[in-house]
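Hi,

Here's the structure I said I'd pass along.

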Amino acid sequence: MASISDLFRRFLDRPGSVNLTPFLKVVAEAGKREERVKALDQLPPPPAGDLAEFCAIVREAADRTLGLRPYDVQLTGALALLAGHVAEMATGEGKTLSGAIAAAGYALQGHRVHVISVNDYLARRDAEWMGPFYEALGVSVGWIGQTSTREERREAYARQVTYGSVSEIGFDVLRDRLSTDVADLVMTEPNVALVDEADSVLVDEARVPLVMAGATDRGGAVPQTAALVRRLVRGYHYEIDDQARNVYLTSKGIDAVEQALGVTDLYGDPAQITDVNLALHAHALLTKDVDYIVRDGKVHLINPSRGRVALLQRWPDGLQAAVEAKEAIPASETGEILDSVTVQGLITRYPQVCGMTGTAVAVGEQLREFYNLTVAVIPPNRACVRVDEEDRLFATIADKRRALVEEIAAAHALGRPILIGTLDVAESEELADLLRARGLECVVLNAKNDAEEASIVARAGEHGAITVSTQMAGRGTDIRLGEGVAELGGLYVIGCGRHASSRLDDQLRGRAGRQGDPGGSAFFVALDDDLITQYAPEERPPAPDADGVVRHRRAAYLVGHAQRVAEGVNLEIHRNTWRYTRLLEKQRELVLERREKVLRGDSAGDGLAEAAPERWAELLDTVPEEVLQEAARAIVLYHLDRGWADHLAFLNDLREGIHLRALGRMSPIDEFHREAVPAYATFMAEVESKALTTFAEADITADGLTMPGELKRPSSTWTYLVQDNPFGSEWDRVFKRISASVRG
Amino acid sequence: MLTAITRAFRTPDLRNKLLFTLGIIALFRLGSVLPTPGVHTDNVRRCLAEATQGEAGNIYGMVQLFSGGALLKLSVFALGIMPYITASIILQLLTVVIPRLEALKKEGQSGTAKITQYTRYLTIGLAVLQSTAFVALARTGQLFQNCREPLLINQDPITIITMVIVMTAGTSVVMWLGELITDRGIGNGMSILIFTQVVAVFPAELMNIFRASAWTFTAVMVVGVFMIAAVVFVEQAQRRIPVQYAKRMVGRRMYGGTSTYIPLKVNQAGIIPVIFASSLLYLPQLVTTLFASSENPNAVVQWISQNLVTGDTPAYMITFFLLIVFFTYFYVSITFNPVEVADNMKKYGGFIPGIRPGRPTAEYLNYVLTRLTAPGALYLGLISMVPIVALAVAGASQNFPFGGTSILIMVGVGLDTVKQIESQLQQRNYEGFLK
C-alpha cells in the first residue's frame with residue numbers, strides 16, 4: 001500500500017510533515033459538487049462547518065470574481081492553513097489565493113484574521129487583488145502600510161481580514177501599548193495570524209526585535225570625531241572581526257586617538273570612548289549603498305533581509321548620529337528605547353497561527369521549536385521542469401563578474417529574459433554599469449527605486465529583458481513569461497553569489513519555472529565572496545584552473561560549509577534573541593495588564609487616593625473628581641512608561657556583558673534571570689513611589705494636570721545581537737588550548 | 001534552599017519537572033541494582049562483601065565512585081555513564097585532529113547535532129567493548145582478586161552474549177535518561193546522574209560506620225556537615241572585576257553599575273584537579289600490583305609500596321597535596337585564557353575602568369587570577385586531605401563517605417541545580433510582588 005510507505009516516510013522525516021489525506025478527501029468531495037454549484041446564479045454564503053461545500057463555493061466565487069479557478073492543490077493548501085499548519089507551496093502555485101481562501105474561511109467561522117506579509121507592497125497588492133473575492137463571500141477586507149494614518153489603521157483593523165507587513169503590525173502593537181488614551185487604540189484583540197512567506201517572517205525577521213523609540217534630543221556625535229576616525233587605517237589602527245559585526249581599536253589606534261584628542265587616558269571618560277567607538281562603527285562597518293542610502297539629505301536604512309528601504313527605521317543609541325556625522329548631514333533626533341517586541345512575541349499573541357511559503361521544510365525544525373507549527377508539503381499543480389545548474393565557482397570576484405557578463409550576453413543574444421539576483425544595492429549598480437558598458441540594456445530594481453517595483457516585475461519575463469535586482473525580487477513577485485519566451489527556455493535566473501541561507505537561494509531560483517513553465521537557474525560564486533571570507537575564513541580554497549574557474553570538488557564543499565556556518569550563526573542569534581526576551585515578554589505582559597487597568601479604569605486614582613488620602617481630599621475641594629482621575633491616570637502612565645523604558649535600558653545593558661559570567665562557570669541565561677527579576681520588582685516599586693511624589697508636587701487644577709515632560713513617540717527598529725558564551729564550554733576551552741599547542 | 005524547593009513543588013510545571021527528574025533517578029537506581037541476567041547474585045554479594053572488608057583497595061576506585069557500586073554488582077547499568085563521558089572526550093579530542101569534524105562544529109546546531117549523534121554511536125561501541133571485557137573478567141573470576149566463587153550461572157556463549165547485549169543496552173538507556181533530564185527535567189542530566197551515583201553509596205557506608213561505633217559515626221557526621229558548609233561557602237566566593245561597555249550613547253540609569261563584571265571564582269578550577277591528582281596516584285598502586293609478584297622486589301618498588309599506596313603515610317599526603325596544587329594552576333591556566341578574554345572584551349567595546357583594552361587588560365586579569373588561584377589551590381588540597389587525615393587519625397574505613405571528590409561533586413551539582421530551580425521559580429512567581 002502506498003499509504004503505508006508514505007506513513008513510514010513521514011515517520012522517518014524529521015520534522016515530520018502533515019498527512020494530507022484528509023484534505024485530499026475534502027477536495028475530492030468538493031469536486032463532485034462542482035456542477036451543482038456552477039449552475040447557481042447567486043452563490044450562497046459558504047457554510048463554515050461543511051468544508052467540502054465551502055471549497056466548492058469559494059472555487060466558484062474565485063472563478064467568477066477574479067477569473068482564477070483554484071486548482072485542487074490550492075484548495076488543499078487552504079485547508080492545511082485552516083487546520084493551522086504551515087503550507088509549503090512552490091512559487092507560482094497561487095499562494096495568495098490559497099491564503100485568501102483560508103482567511104475567508106476563518107472569517108466565516110467568526111474569526112478576525114491578520115494576513116501578515118513581508119512588506120507593504122505585497123500587503124496592499126494582495127488585499128486589493130483579492131478584494132472582489134472577499135466581497136463576493138461577504139467578508140470585509142482592509143490593508144495597512146507605512147504611510148497609513150491612525151484612522152486608516154483603525155478602520156483596517158476593524159475589518160474581518162486585514163493585510164499588513166509584520167513590522168507595521170508590530171509597530172501598531174507597540175504604539176497601542178504606549179497610548180495614553182483609550183480613543184487612540186487601533187488594534188483589536190489578536191485572533192488568527194496567517195503568515196505569508198512564513199520562513200522569512202517567522203525565522204529571518206525574528207532575529208530583529210522591533211523597537212519603538214522615543215526621540216530625545218539631537219544626536220551628540222561630533223563631526224570632528226568622524227573626521228578623526230576617517231584618518232585611521234584598517235589593520236593598523238583598527239581591526240574588524242571575522243563576521244564584520246564588530247570593529248575595535250588596536251593599541252596603535254588608541255595611541256593615535258589619544259594624541260589627536262589630546263588626552264592621556266582615552267578610557268578615563270566613558271562618554272569619550274563611546275563617541276569614538278560609534279564613529280568607528282559608522283566608518284568601518286556601515287557602508288553607503290549596502291547598509292544605508294542617502295536620499296533627500298537623510299540617511300535611510302536598508303533592511304538586510306529584504307533589500308528595501310526601511311522608512312522610519314533608525315539606528316539606536318547614537319549610531320544614527322554617528323552615521324550622519326560621517327556623511328556630513330545635520331544630526332537628526334536620537335532615540336531612546338521605549339518598548340520592543342520580537343516577531344516571536346508578536347506572533348505568539350495570536351491563539352491561532354498558520355502560514356505559507358515556498359521554503360518551509362528547511363526550517364521545519366525551527367518552526368516547531370519556536371512556534372509549535374508543523375509543515376504541510378503541498379504538491380505542485382504541475383511538476384517543476386526548471387533546470388538548476390550546479391554552482392559555477394571562480395577564484396576572485398573579478399573573474400566571476402567577467403564570466404557573469406559573458407553568460408548574460410550569451411543568453412541575451414537568444415532573446416531569453418534574464419533575472420540577476422545581487423546581494424546588495426552597490427553590487428546591483430556595479431553590475432548594471434558593467435552590462436551597460438557591454439551595450440546590454442538592463443533595468444535595475446533595488447531599494448532606490450522600489451516604487452516602480454510592480455511595473456519592473458511585470459516586464460521581467462518579456463522577450464530580451466534583463467533585470468538586475470536585489471533580494472527584493474526574491475519573494476512574492478510572480479514573473480510571467482512573455483510571448484515566445486517559453487520556446488527559448490523560459491526565464492533564466494542568475495544568482496550573483498550564494499545567500500547566507502539556502503532558503504534565500506531557493507527563493508531566487510523559484511522566480512523561474514512557475515506553474516510548469518520552463519526555466520533555468522545558476523549561481524555564480526567567487527571564493528572571495530563575503531559569505532566565504534566571513535564564515536569560513538580559515539579554510540584555504542583550492543586553486544583555480546587557468547581560466548579562473550575553480551573545478552576542484554572541495555570548492556563546492558567549502559561554499560556549502562560557509563553557508564551552513566552562516567545558517568548556524570543566524571539560528572544561534574534567533575535562539576538567543578528569543579531566550580533573552582522570553583522573560584522580558586513575561587514582564588511586559590504584567591506591565592501591560594497593569595497599564596490596561598490604569599488606562600481603562602480608575603485604578604490609578606483609587607490607588608493614589610488610598611496612598612495619599614489628605615492630598616486627594618485637599619485637591620477634591622478645588623478640582624472635579626473626573627479631572628482628578630484623569631490627572632492620576634496621566635501621572636501613573638507617565639511613570640509606568642518612563643520606568644519601563646529605564647528597565648529596558650538596564651536589561652539591554654545587562655545583556656551586553658552577561659556572557660562574561662560564563663567565565664565563572666555560571667550559566668549566562670540563568671544569571672540574566674537572577675538579575676532581571678529583582679530589577680523588575682524595583683521598577684514596579686519605583687513607579688509607585690514616583691507617582692506619589694509627582695502627585696504630591698504636581699500642579700493640578702480644574703483645567704487638568706501640567707506635566708513636567710512627556711515621552712515622544714516616533715519609531716525605529718534595529719537588531720541587537722546577543723552573545724551567550726563566546727568562550728565555549730570549559731571543555732571547548734581545554735581542547736582549544738590542546739589544539740593550539742598541537743598545531744603549534 | 002529548602003524554601004526554594006517547597007515553593008518549586010507548589011508551582012505546577014516546575015513540580016512536574018522535579019517529579020520527572022526524581023522519577024528518572026529512581027529508574028536509574030533501579031537499573032543500577034538490577035542484576036544482569038546470567039549473574040549469580042548470591043556469589044556476587046558474598047564476594048562484594050569480602051572485597052569491601054579486605055584491606056586491598058580496589059583498582060576500580062574512581063570508576064566505582066561514578067557507578068555508585070553498580071559496576072561490581074554486575075547490574076544492568078553496570079557501566080553507567082562512563083562510556084558516554086569517555087566517548088564525549090574522545091570526540092572532542094578528534095575535533096582537534098580531524099578537520100571535517102572541526103568544520104562540522106563550526107556549522108552550529110546542525111553540526112553539533114551530528115557530532116552528538118557520533119558520540120552516541122561511539123558510546124555504544126565503547127559499551128560493547130567494556131561490557132565484553134568486563135564479562136570476560138567476571139567469567140574468569142578476576143573481577144574480585146580474592147574471591148574464587150563463580151560469578152556467572154554458566155559459561156554458555158548464549159549467556160555471555162546476553163549479558164553483553166543487556167549491559168550495552170543498559171548504557172544506551174542511561175545515556176537516554178541523562179538526555180531526558182536535560183531536556184525535560186531540571187539540571188544537567190549527566191551531572192545529576194553522577195551526583196546520584198556518588199550519593200547512592202552514602203547510606204550503606206554510614207550504616208557500616210554506625211555499626212562499628214556510634215562515636216565515630218557522630219564525629220563523621222559533624223565533620224561531614226561542617227565540610228559541606230565550608231565547601232558551599234568557598235564555592236560561592238568570587239572576585240568581581242567590573243567591566244564597562246562603551247558602545248551606546250544614551251543617558252542610562254545605573255543600577256549601581258555593578259551588573260556587568262567578570263566573576264572570578266576562588267575555586268575557578270572546580271573538581272578536575274582532584275580527579276587528575278587521584279587518577280595519577282593510582283599509578284603507584286598499579287606499579288606495585290604489576291611488580292609485587294616478583295621474587296625479590298627492588299628497593300624502589302618496596303619504597304613505593306610502603307609510602308605511596310595507602311593514604312596514611314606523609315609521603316602520600318604531601319604528594320597528593322602538591323599534585324592538586326599543581327593541577328589547579330594548570331587547569332585554571334588552560335580554561336581561563338586572559339588574552340582571549342581581553343580580546344573578546346576589546347572586540348565588543350568592553351573595558352575594565354582605568355585599564356587599557358588589549359594587553360594591559362590581559363595582564364591585569366592574569367595578575368588577579370594568579371593571586372586568586374593560590375587560596376583556591378590550598379582549599380582544594382585541604383578538602384581532599386580531610387578523609388585521608390581522618391583515616392590516619394581515627395582509623396576510619398577506607399571508604400570514608402565524605403571524601404574530597406564526593407563532597408566537591410555533591411556540592412557542585414547540588415548548587416547548580418538549586419540555582420536553576422531558583423531561576424525558574426523566579427520566572428514563574430511574579431505574583432509574590434505584583435498585585
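Before anything else: this is a predicted model. I'll start with chain A, where helix α9 (residues 166–178) lies across β2 and β4 of that chain, running at about 105 degrees to β4(A). Helix α7 (residues 120–137) of chain A also lies across strands, in this case β2 (113–117), β3, β4 (161–165) and β5 (192–196). Its direction is about 165 degrees from that of β3(A).

**The sheet in chain A**

Those strands belong to an open sheet of seven, with parallel pairing and the order β3-β4-β2-β5-β13-β1-β14 (chain A). At the edges sit β3 (141–143) and β14 (375–377) of chain A, each of which pairs on one side only. From one strand to the next, the twist averages 20 degrees.

Strand β1 (residues 86–88) of chain A runs parallel to β13 (residues 352–357) of chain A, and three bridges join the two. Which residue of β13(A) is the bridge partner of A:V86? That is A:G355. A:A87, meanwhile, stands opposite A:M356 in β13(A). β5(A) also pairs with β13(A) in the parallel sense, over five bridges, and A:A193 has A:V353 of β13(A) as its bridge partner.

Helix α27 (residues 668–697) of chain A has 30 residues. From its first C-alpha to its last it reaches 42 Å, close to the 44 Å expected at 1.5 Å a residue. Its buried residues include A:F672, A:V677, A:Y680, A:M684, A:V687, A:A691 and A:F695. In general, an α-helix has 3.6 residues a turn, so residues three or four places apart point the same way. The buried residues of α27(A) pack against α23 (553–600), α24 (603–611), α25 (613–622) and α26 (625–657) of chain A, together with α17 (404–428) of chain B.

The same sum for helix α11 (residues 214–236) of chain B also works out: its 23 residues should span 33 Å at 1.5 Å a residue, and the end C-alpha atoms are 33 Å apart, which agrees. Buried in α11(B) are B:V220, B:V231 and B:E235.

**Chain B overall**

Chain B has 17 helices and four strands. Of its 435 residues, 35% are buried. Taking contacts in chain B between residues at least 6 apart in sequence, 73% join residues at least 24 apart.

An unreviewed UniProt entry lists several spans of chain B as "transmembrane region", including 185–202 and 313–332. How do these two look in the model? Residues 185–202 of chain B are 72% helix and 0% strand, with end C-alpha atoms 24 Å apart. Residues 313–332 of chain B are 95% helix and 0% strand, and there the end C-alpha atoms lie 29 Å apart.

One helix pair to finish. Helix α6 (residues 99–106) and helix α7 (residues 109–140) of chain B pack at about 130 degrees, with axes 6 Å apart, which makes α6(B) oblique to α7(B). B:L101, B:L104, B:K105 and B:K106 of α6(B) make the contact with B:G111, B:T112, B:K114 and B:I115 of α7(B).

Cheers

Notes
Residues numbered from 1 in each chain as written. Chains lettered and ligands numbered in written order. Predicted model: local features only at pLDDT ≥ 70, side-chain atom pairs only at ≥ 80, totals over all residues. Pairing = 2+ DSSP bridges. Axes fitted to C-alpha atoms, helices over the stretch in contact; angles between N-to-C directions. Contact = placed C-beta atoms within 7 Å. UniProt positions renumbered as here; feature names shortened; annotations may be inferred. Buried ≥ 20, exposed ≤ 12 C-beta atoms within 10 Å, placed from the backbone. Expected span 1.5 Å × (residues − 1). Parallel < 35°, antiparallel > 145°, perpendicular 65-115°, else oblique.
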